[in-house]
Amino acid sequence: MSASTDVPKASFRLSQLIYDTRYRSITIQVIALVLLVAALWWLVNNTVQNLETLGKDFDFGFLTQPAGYDINQRLIDYDSQSTHGRAAMVGILNTLLVALLGCALATIVGVLAGVLRLSKNWLVSNLTAVYVEGFRNVPLLLWIILIFAIMTESTPEPRDFRGEDATASLIVGETVAVTNRGVYIPRVGFENSLSAAGADWRAETAALEAGEEAAPPPSSGLDWLIVFGVLVASILGARWNTRRADAIQEATGDRPATWYVNLGIIVLPTLAALLALGATIVAPIFRGFNFAEGIHLRNSLIALWLALALYTGAFVAEIVRAGILSVSKGQTEAASALGLRPGRIMNLVILPQALRVIIPPLISQYLNLTKNSSLAIAVGYMDVRSTLGGITINQTGRELEGMLLLGLFYLVLSLVISALMNVYNNAVKLKER
Amino acid sequence: MKKSVLFGTLTAAGLAAGAASAATLDDVQARGTLNCGVTTGLVGFAAPDADGEWQGFDVAVCRAVAAAVLGDPMAVEFVPTTGQTRFTALASGEIDMLARNTTWTFTRDVDLKFEFVGINYYDGQAFMVPRDLGVSSAMDLDGATVCIQTGTTTELNLADFFRVNDMEYEPLPIETNAEAQQQYLAGACDVYTTDSSGLAATRASFENPSDHVILPETVSKEPLGPLVRHGDNEWGDVVRWTLMSLIAAEEMGVTADNVEEMAEGTDDPEINRMLGSSGELGAKLGLDSDWAVRAIQAGGNYGELFAKHIGEETPVGLARGLNAQYTDGGLLYAMPFR
């Protein structure tokens, strides 16, 4: 038919923007976009105007000015003459430290509690239920402060360890001191340290007169690098050994025992490296007002770490439980029919399938934990919120700049954690062929 | 139509936000209450009493300003601020003035854009230790753990003091004075450092104040005073001259009891100008002529306030020292009311 060809070409009318379904969605989107841009413009403009009224400019120059304040927990060199930028770095590392420790412990606690809550043992499953509900339903800040208060109020002061009539003593073979300022654990010193400090120490020790007590040996990043280098190489060696065993098994059907060979490959070279460097354990010693030597785990770190891990662990436990319950009961029965023991059913059949349900929500929990670590200020833990977002802002008056930097840092950190976890998720998720 | 309403609202909000920083005096009078930033609790300076009513030396400054501006010393909304939140609260307009034993420094005046209106307490930073620690000088504190309020000048002074004297220390950062007190009494730190008036006030609230000593060294100058935002000079003048009237009142012998009588007129022309029986100083500030009378009636003159809240008769027990009138060898010196 020719009728269809001479349909009059409709001219475009403005009302079509609203009444014509072809254009309506575009119209709505354009209006929404314009409103959004206007709102943003107003926000920015308002900020700029108010800053102008206050006579403030927008300048990141403060990052290169001396900070002037001290930070107790430093993973890199820092003193009060370092810059605000350096102080922010110290804070960032402290945030990363507590986030890393927290995620690790939360995963362990969470997986254990999630599995145990499904236990057939009445006591075990109910105890874990109490843990999960208790931690999940009380605000995190209260847990942080509660743990901190318990650690401060119930443990002895360092000076109780002093003198003849000391009322407190070190535990674990005189190597660990639990005080109300934190826990002091022994550190490793290297008598044959390769660093300059090591050479100095050997010269000093050699020059000591009889009866004088030697200072404890130093440790340096270089020494640890060597030890970890050897360890990583050994683990690679052990994996090569396992692959060789796999190949032999494929070819002959007999699998050579690998565990003692692997153990030897991993342990012996590392042990040799430690011996060669003259590793010794240096226990904390009371000196002056506080314990010296050893590693000082401050109460603020411990309280924040435990509270974050236990709180997030409760959520992880629920995620793990949901993941396990998502694997159909038939799988368990089938594995059982094949003669697997309950422990092996869990490890070999259930968990690998549950992981693909568990990982995505687990990512959010890791992100939550990392961001929740900014509650650190409640116990005086010097994370990036306390240094850059707290003292620096307060001393320089650069609220806007500081908060923007802080937001940017948390954003980048969260995206990095997400990306890493997505890589892992891709590795464990169901592969459809 | 809807769009124009939205933009209208936005514009109105924008104008309101812009105006907030301009005329604080008008805002306060329109609101009917004064928003005053104080500490979260430091006995003698600013702390709620058993009835929940704020009391103290800094609180009295807020009440005097409220009395002068609004005619009612109780028309004050107290906003507790920590060392960290105080400046943001003031800069953002959340509070109209800050009376929170805040040290007048160059950076705060010039770079943070605040205006210190005067000094109501001349102080210095000191250290407090438990008596049984056996420390008699701040020079013996090498290696000690020190409780320190973050976001304060004392934090910077502390770093300087230990660095200059080549000593080590472990800072234990805390947010509020109450938290510091708890940590210090639990022995989580060996030393608590802040302004010596703050130490005296804190020690006064201990169960056994005599078990703690304040070390003799004063490591800094800490001139404490109320402050307002930079750029609103009219409001700055109101707060400044209210403080001046309290100090001048003590110098001229005007007290809460006799101010009513003196306001009728005296032989001293300066008192007459201040209390409004001659001249129009009040009108020049944008207030009525009785403003100073009400400010003094609110709690008394500077000397009365000092004696009532932090003087030697109180548990805090501070001597006047530097804070005596210049006529008594102190530093207090009110500018002339002329």
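# A guided tour of pockets, cavities and cores

Begin with the largest pocket, which holds about 1,400 Å³ of space in this predicted model. Select A:N72, A:Q73, A:R74, A:R298 and B:E170, the closest to its centre of the 41 residues that line it. Both chains take part: α3 (84–116), β6 (290–292), β7 (295–298) and α9 of chain A, together with α6 and β10 (169–174) of chain B, each supply at least two lining residues.

Now turn to the second largest pocket, with a volume of about 570 Å³. Of its 17 lining residues, A:L118, A:K120, A:I324, A:T332 and A:M346 lie nearest its centre. Select α3, α9, α10 (329–337) and α11 (342–372) of chain A, the elements that give two or more residues to this lining. The largest share, four residues, comes from α11(A). The lining is made up of 11 nonpolar, four polar and two charged residues.

Remain in chain A and select A:E318, in helix α9 (residues 299–325). Is this residue buried or exposed? A:E318 has a relative accessible area of 16%, and it therefore counts as buried, the cut-off being under 20%. Leaving out residues up to four places away in sequence, A:E318 touches A:R117, A:V132 and A:R136.

Select B:R100, B:N101, B:Q149, B:T194 and B:D195, the closest to its centre among the 17 lining residues. In chain B, β5 (97–103), α6 (153–164) and β11 (191–195) each supply at least two residues of this lining. Its residues divide into one nonpolar, 12 polar and four charged.

Proceed to the largest nonpolar core, which has 62 residues; B:L34, B:M97, B:W235, B:V254, B:M274 and B:L275 have the most contacts inside it. Helix α3 (residues 57–70) of chain B provides the largest share of this core, 10 residues. Centre the view on B:L34: beyond its neighbours within four places in sequence, its contacts include B:C62, B:V65, B:A66, B:M97 and B:W235. A second, separate core of 57 residues includes A:M151, A:A314, A:L362 and A:L369.

Finally, colour chain B by pLDDT. The chain averages 88, and 93% of the residues score at least 70. Over residues 5–21, however, the pLDDT is below 50; this stretch has 14 contacts in the model beyond near neighbours in sequence.

Definitions and conventions: Residues are numbered from 1 along each chain as its sequence is written. Chains are lettered from A and ligands numbered from 1 in the order in which they are written. This is a predicted model: local features need pLDDT of at least 70, side-chain atom pairs count only at pLDDT 80 or more; totals for chains, interfaces and linings use all residues. Side-chain values use heavy atoms; hydrogens and water are left out. A nonpolar core is a set of buried Ala, Val, Leu, Ile, Met, Phe, Trp, Tyr and Cys residues joined through side-chain atoms within 4.5 Å. Buried means under 20% relative accessible area, exposed over 50%, partly exposed in between (1.4 Å probe, protein chains only). Contact means heavy atoms within 4.5 Å. pLDDT is the predictor's confidence in each residue, from 0 to 100. On a 1 Å grid over the protein atoms alone, a cavity is a set of points where a 1.4 Å probe fits but cannot get out, and a pocket is an open set with protein on both sides within 12 Å along at least five of seven lines; lining residues have an atom within 4 Å of a point. Ala, Val, Leu, Ile, Met, Phe, Trp, Tyr, Cys and Pro count as nonpolar, Asp, Glu, Lys and Arg as charged, and the others, Gly among them, as polar. Grid points are joined across faces, edges and corners, and a volume is the space filled by probe spheres set on the points.
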